[in-house]
Amino acid sequence: MKQLVVRILFKMYKLTFAFFGTVLPKNDKLIIFESFLGKQYSDNPRAIYEYIHKYHEGYTMYWSVDKNYRHIFANHNILQVKRLSIKWLFLMTSAKYWVYNSRLPVWVPKPKKTVYLQTWHGTPLKRLALDMDEVHMAGSDTEVYKKAFIKSASKWDYLISPNHYSTEIFRRAFHFNKKMIESGYPRNDFLVNANNAKTIAEIKKRCNLPTDKKVILYSPTWRDNQYYGVGKYKLDIEMDLAMMQKELGKDYIILLRLHYLVAENLDLSAYDGFVYDMTFHEDIRDLYLIADMLVTDYSSVFFDFAILRRPIIFFVYDLEEYRDKLRGFYFDFEQKAPGPLVKTTGGIVDVVKNIEQNGYTPSEIAKAFHERFCYLEDGKATKRVVNEVFDKRA
């Protein structure tokens, strides 16, 4: 009986959304922002929000927030609305602009006069959407997933691309045929404009991190076929943290940053003072800036971190499975990755020690990578996006 009532109420909610989206007039100065399903105040939406707040008066801007993550937004003087609430429904159906970095639920209809700016959230290494041969995600199969993605992407009016490589992939993989803004990523303006000793010191102090240790940022992605349920993915930390602490603990600390879809509660008490769980730190941009090097796998974080021209190590213990069974890559990752690929913790330690002893000089491969993927990251991407979407319509 309870489930039946919930289904009826949800159906009524969806019908109300569709009706109000048709009849309510649009507020030309109302913008709704959301980042990673309402779980973060971060990424491209944050950069756009802060730019408009600083340079454009007159806009009312709300953040769509998951009820379990409202505390993250409490530290900022921003308007927020609970995601999928009644108030959210009214704001979404009357707002002129939506600014999102991941997909809305498929059932959400976009009102005719609403402008939907999809910022997306990464340069693709692994195959996306329609380019995937098979889908191994919870609660979906290949056909259902691709149909849902096409339906979602058809509602986007604008899509941001960080480079020409991504533009070509996004158009095909998302079946997107509207306005592509090839601008660089707004979120990366921070890495260009705030890359200085003062800002780095302030972030470390704010995060209560030691200032006498070098920082290794470990940021792995999720695995499509390892999950607890829909939208909740498992991740076994394959890195031998005890070995890392023994070999590198004197001079280094590790910041662990899991993907927003990973649902793990890790017990890191054995590595207190060495490993810091920064999964719920509001924005990974801070962690990039304070990291002396990055350890990752197939996550798109390395495209952003490459802007800083610092060492990147790829810990790819499951390379063959990920490449051949789960996703596949858009380019020859093993030949073009801007850093060494290792499969063991010992391999990570060896690379770190080599850098410690000999210093770091970007390889020719790393230089070529930067030229191909980071050429638009000049600290002005946000301005280009705002000029295209908001200023032309003002």
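Me: In strand 6, which residue is the bridge partner of Leu117?
Reply: This is a predicted model, in which local features need pLDDT of at least 70 and side-chain atom pairs count only at pLDDT 80 or more, while totals for chains, interfaces and linings use all residues. Residues are numbered from 1 along each chain as its sequence is written, and side-chain values use heavy atoms, with hydrogens and water left out. Strands here are DSSP runs of E with at least two residues, and helices runs of H or I with at least four, numbered from the N terminus; strand 5 and strand 6 (residues 158-161) pair in the parallel sense over 2 bridges, pairing being defined by at least two DSSP bridges between strands. The partner of Leu117 in strand 6 is Tyr158.

Me: Which residue of strand 5 is the bridge partner of Trp98?
Reply: Strand 4 (residues 95-100) and strand 5 run parallel and are joined by 4 bridges. Within strand 5 (residues 115-118), Val115 and Leu117 point one way, whereas Gln118 and the residue asked for point the other way, and all are buried, that is, under 20% relative accessible area with a 1.4 Å probe and protein chains only, where exposed means over 50% and partly exposed lies in between. The bridge partner of Trp98 is Tyr116.

Me: Which strands stand at the edges of the open sheet?
Reply: The open sheet has 7 strands with parallel pairing, in the order 3-2-1-4-5-6-7. Each edge strand has a single partner strand, so one side of each is left without a neighbour in the sheet; these are strand 3 (79-82) and strand 7 (179-182).

Me: What angle does the direction of helix 2 make with that of strand 2?
Reply: Helix 2 (residues 43-55) packs on the sheet and touches strand 1 (27-34), strand 2 (60-65), strand 4, strand 5 and strand 6, contact meaning heavy atoms within 4.5 Å. Axes are lines fitted to C-alpha atoms, for helices over the stretch in contact, and angles run from 0 to 180 degrees between N-to-C directions. For helix 2 and strand 2, the angle is about 160°.

Me: Which exposed residues does helix 5 carry on the face turned away from its buried side?
Reply: The buried residues of helix 5 (residues 142-153) include Tyr145, Ala148 and Phe149. The face turned away from them carries Glu143 and Lys147.

Note on methods
The expected span of a helix is 1.5 Å times one less than its number of residues.
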